[in-house]
Amino acid sequence: MKETDYYKKEYWYDNPEEHSDVDNYGENYYAYQIYEKMILNLDIPEEGYIVLMGTNRCVSFDLLCNYFGNDRCIGFDIHNPENHPRVVVKDCMTLSEVDDLPIAFCHNDLGSFPTTPELKIYGQKWAARNIIKGGYFLGRNNLNVAKFKSEELMEGLGFENTHFKDLEHKYDMSTFEPSWIEGHMLSRRVK
């Protein structure tokens, strides 16, 4: 399959058996666990939006909405089966300056590096450009299967990267899979 074959509602929403390894994006999904244990405890700036790129069925997104307030949260996805009022239905490969907004926190949960690396990278670049000083980006580090130099990109854009393994003393990661800790980082805009 080519990458654009994965940019379809049918793959992400009509195939529950395909996504059973990630709890079909429920409360045991890595993003939900990371938000609950880490993100809700960050010193996120009071100004700016909380953005989730890739909301799926909005289980993790609702955790953010309930904590930060609906009006402050914006999600992007190719489909919105929950008819969530804060989800923008959009092919994120078409994000442009027209979509720019001040972001205090963003998680790039678009697709995956194995199936949609171009989408993942494009989304990261768009989000990073919009994150305000002191704001955070949650994403993969350089240990991604696409071998994308995420750490260098973020540093070049004025971010300081912190690998999850360097935060184990600060947050309860006892329920995290080792791969979550090994492959993720938080990037904070310092410039």
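**A walk around helix α2**

Select Gln33 to start: leaving out residues up to four places away in sequence, Gln33 touches Glu27, Asn28, Thr175, Phe176 and Trp180 (a contact means heavy atoms within 4.5 Å). Before you click on, note that this is a predicted model, where local features need pLDDT of at least 70 and side-chain atom pairs count only at pLDDT 80 or more, while totals for chains, interfaces and linings use all residues. Residues are numbered from 1 along each chain as its sequence is written, and side-chain values use heavy atoms, with hydrogens and water left out.

Is Gln33 buried or exposed? Gln33 counts as buried because its relative accessibility is 11% (buried is under 20% relative accessible area, exposed over 50%, partly exposed in between, with a 1.4 Å probe and protein chains only).

Now widen your selection to α2, the helix that holds Gln33 (helices are DSSP runs of H or I, at least four residues, and strands are E runs of at least two, numbered from the N terminus). Seven of the eight residues of α2 (30–37) are buried, so the helix is largely enclosed by the rest of the structure. The cover over those buried residues includes β1 (49–53), α3 (59–68) and β7 (184–189).

Next, pick Met38: skipping neighbours within four places in sequence, Met38 is in contact with Phe164, Leu167, Tyr171, Met173, Phe176 and Leu186.
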